[in-house]
Amino acid sequence: MVLYPWQPTSAVSDQDLRFPTLMKQPQTMLDKVWDDHVVRSAPGEPDLLYVDMHLIHEVTSPQAFESLALSGRRVRRPDLSMATVDHGIPTVGRELGISDPLSRHQIEALEQNCEEHGITLFGVDDLRQGIVHIIGPEQGLTQPGMFIVCGDSHTSTHGAFGALAIGIGTSEVEHVLATQTLPRAKPGSLAVTVDGDLPLGVTAKDVILGIIREIGVNGGHETVIEYRGSTITGLSMAGRMTVCNMSIEAGAVAGMIAPDDTTFAYLEGRPYVPTGGLWEEMVAYWETIPSDADAVFDREVVIDTTGLEPFVSWGVNPAQVVEVTGRVPSPDSFDDPLERDSARRALEYMDLEPGTAMTDIGIDRVFFGSCTNARIEDLRAGAEVIQGRTVHPDVGAMVVPGSGLVKLQAEEEGLDRIYKEAGFEWRDAGCSMCLAMNDDILSPGERCASTSNRNYEGRQGRGGRTHLMSPQMAVAAAIAGHLVDVRAWQ
Amino acid sequence: MKPVSVVEGQMVPLPHANIDTDQIIPKQFLKGVKRTGLGPNLFYDWAHDEEGEVVSGFVLNRPEYAEAAVLVAGPNFGCGSSREHAVWSLADAGFEAILAPSFGPILENNCYQNGLLPVVLADDDAEEFAKLAADPANSVTIDLPAQRVSSGDFTASFEIDPHVKERLLNGWDQVDITLQSVADIDTYESSRPRFMPALG
Ligand code: SF4
């Protein structure tokens with residue numbers, strides 16, 4: 001029989017939440033959260049882990065429900081699953097219905113599947129609808145110490161709460177629906193320590209882009225990254241989510257940040273968060289989650305924020321970034337032949353000449369949205385840049401709030417008016433032009449300043465050219481009509 | 001899932017680094033509700049021009065590679081999005097294995113779920129196979145039981161998680177395996193303390 005860490009503790013005390021023998025070995029946060037979810041462990045086999053929350057959206061779930069039905073199986077724990085529509089949903093004119101028949105069919109399939117299996121759905125007309133990784137935290141569904149999965153690679157976002165959160169494919173979605181578990185070999189651990197105050201105009205987005213440039217798009221391979229250090233603990237939950245969100249862009253299995261008072265303050269009072277005595281007990285448990293002071297990581301990387309500048313991407317992967325004061329690099333500046341080949345292909349796709357000052361790059365479109373940067377804090381920060389200025393006449397710019405509730409909150413604060421008066425379009429919540437599955441899409445050759453996470457070829461539309469950056473930088477670019485160093489405006 | 005043991009066939013080289021799943025299957029093909037029929041959309045934007053015409057120079061479109069069953073890719077193949085459509089389209093287009101120095105974490109798992117064999121090779125070995133693949137006359141044999149890949153005189157070995165290997169060799173479905181542990185899942189659920197986070 002399996003001994004769970006908590007079994008000997010009949011009464012929960014603040015000091016002794018964990019099995020005493022487990023206390024001897026210093027543990028990382030990953031170790032602790034992992035151990036607390038092991039259902040079954042056998043030598044030579046992956047651990048079977050219990051899933052606390054399974055997030056579902058319309059694009060990666062229909063085939064899972066279909067196979068489930070074909071094999072005559074039921075959803076084991078519909079109460080631990082939550083669904084929303086985000087990837088394919090239009091962000092304008094929703095009241096007229098969804099005109100794309102394929103997207104409509106997918107959304108209807110999700111509605112039916114949720115109905116049939118008793119899964120809560122924040123559907124098209126629900127104010128709580130939004131990007132799956134925005135609404136989990138917003139509702140207090142995402143909590144420290146959880147094991148969270150979703151058929152989406154940016155599930156890593158939820159790690160900002162000290163949860164272990166990983167993206168899975170559709171077959172594994174089916175597996176989780178049927179068993180509420182996931183078999184996994186334990187990944188390695190990578191500590192990324194970021195220390196120092198963030199210089200003015202430098203954001204969480206710049207921190208994570210800097211980390212990815214440093215360690216590479218495969219630098220987190222087969223590891224869970226723990227972000228730590230004074231810069232990270234100094235971030236709001238929104239900033240921490242921006243950082244963890246892009247862990248997958250560093251090739252990591254997941255990213256995590258230790259829960260602390262900032263985390264607890266964010267969670268307290270949210271709809272799905274317990275109150276009273278149970279809240280106290282949970283906080284006591286959550287306080288045991290951070291890595292032990294002497295825990296050993298497989299690998300450690302230290303990043304200094306002194307002199308950190310806003311980053312913008314010049315290429316077609318998120319490590320191909322440079323300081324906004326920098327220039328488009330020459331492929332010859334890369335020693336590694338594969339990186340050189342990547343850079344050459346990237347510059348061709350992006351239609352950029354080596355040596356061009358980044359601030360000389362003109363843009364056609366601005367996309368302000370996505371699970372990386374569409375929370376209320378992002379919208380506030382972007383609005384502050386405007387100061388009565390207007391979007392450049394040659395630029396089409398849109399703001400797509402991360403959820404219906406973010407949108408409502410922004411409207412209550414008058415942010416929508418600031419954006420609209422400046423010439424931004426103000427849209428309904430969804431993934432929108434982050435992946436361009438709906439009508440929000442770049443035309444071939446269009447160049448876009450984007451607050452999203454992927455600058456892959458064609459990501460925002462075939463032939464479209466994406467430059468990743470922070471919300472402040474994207475708003476400034478919309479106004480200037482070209483990439484610009486927002487610090488000059490602050 | 002059908003068992004995988006020995007894969008034999010033609011290779012096709014696509015040895016760029018960091019080929020993401022947005023390239024393998026672009027977003028416009030994610031709107032379906034079925035796993036089938038995605039093969040023609042594989043690498044769509046590389047294989048077709050903006051008018052939808054076939055790009056004859058793209059390696060997968062070259063007639064001499066029409067029989068390819070093994071893709072030889074660069075490091076971090078299939079990074080990015082979790083879309084299993086990438087694997088479904090590769091399998092539907094006739095691919096049975098991919099050779100690469102490393103894979104995107106979600107794609108690697110998705111491959112295992114579909115009996116598509118992701119073979120992780122040392123950098124030098126992957127490079128050698130990419131060179132060999134440049135000649136369409138060369139075929140490759142991937143021997144999963146022996147954990148060996150060979151083409152002509154060149155042979156390399158590879159590592160694979162023994163549990164995953166057994167599952168592939170037997171064609172076992174992961175849900176079936178896990179459901180054998182249903183008693184453990186019941187025990188876990190019933191012994192979970194109330195301070196552990198939970199919905200509902
Ligand atoms: S906003 Fe973009 S990255 Fe985030 S879940 Fe949606 S499509 Fe994926």
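User: How much space lies in the largest cavity?
Analyst: This is a predicted model, and the count in it comes to five cavities of 30 Å³ or more. The space in the largest cavity amounts to about 220 Å³.

User: Which residues that line the largest cavity are the closest to its centre?
Analyst: By class, the lining of this cavity has eight nonpolar, 10 polar and five charged residues. Of the 23 lining residues, those closest to the centre are A:His87, A:Asp152, A:His154, A:Leu435 and A:Arg459.

User: Which residues lie nearest the centre of the second largest cavity?
Analyst: The second largest cavity holds about 180 Å³ of space. Its lining is made up of 15 residues, and the ones nearest its centre are A:Val316, A:Arg345, A:Glu457, B:Ala17 and B:Asn18.

User: Which helix of chain A gives the most to the lining of the second largest cavity?
Analyst: The lining of the second largest cavity divides into five nonpolar, six polar and four charged residues. Four residues of the lining come from the element of chain A that gives the most, namely helix 12 (residues 337–350).

User: How much area do chain A and chain B bury between them?
Analyst: The contact takes 87 residues from chain A and 64 residues from chain B. Carbon and sulfur atoms account for 56% of the buried area, which comes to about 6200 Å².

User: What distance, N to O, separates the side chains of B:Asp186 and A:Arg76?
Analyst: Between chain A and chain B, the count is 12 salt bridges. The side chains of B:Asp186 and A:Arg76 meet in a salt bridge, with an N to O distance of 2.7 Å.

User: Which helix gives the most to the side of chain A that touches chain B?
Analyst: Between chain A and chain B there are 40 residue pairs in polar contact, with both residues at pLDDT 80 or more. On the side of chain A that touches chain B, the residues divide into 37 nonpolar, 29 polar and 21 charged. Seven residues of that side come from the element that gives the most, helix 6 (residues 170–179) of chain A.

User: How many residues apart in sequence are the parts that A:Asp31 and A:Lys186 tie together?
Analyst: Over all chains, a search of the whole structure finds 35 salt bridges. A:Asp31 and A:Lys186 form a salt bridge, their closest N and O atoms being 2.5 Å apart. Because A:Asp31 lies in helix 2 (residues 29–35) of chain A and A:Lys186 in the loop between strand 8 (181–184) and strand 9 (188–195) of chain A, the pair ties together parts whose separation in sequence is 155 residues.

Notes. Residues are numbered from 1 along each chain as its sequence is written. Chains are lettered from A and ligands numbered from 1 in the order in which they are written. This is a predicted model: local features need pLDDT of at least 70, side-chain atom pairs count only at pLDDT 80 or more; totals for chains, interfaces and linings use all residues. Side-chain values use heavy atoms; hydrogens and water are left out. Contact means heavy atoms within 4.5 Å. Buried area is the accessible area (1.4 Å probe) that two parts lose on being put together, summed over both. A salt bridge is a side-chain nitrogen of Lys or Arg within 4 Å of a carboxyl oxygen of Asp or Glu. A polar contact is a pair of N or O atoms within 3.5 Å; within protein, one must be able to donate a hydrogen and the other to accept it, and residues adjacent in sequence count only if both atoms are side-chain atoms. Helices (H or I, at least four residues) and strands (E, at least two) are DSSP runs, numbered from the N terminus. Ala, Val, Leu, Ile, Met, Phe, Trp, Tyr, Cys and Pro count as nonpolar, Asp, Glu, Lys and Arg as charged, and the others, Gly among them, as polar. On a 1 Å grid over the protein atoms alone, a cavity is a set of points where a 1.4 Å probe fits but cannot get out, and a pocket is an open set with protein on both sides within 12 Å along at least five of seven lines; lining residues have an atom within 4 Å of a point. Grid points are joined across faces, edges and corners, and a volume is the space filled by probe spheres set on the points.
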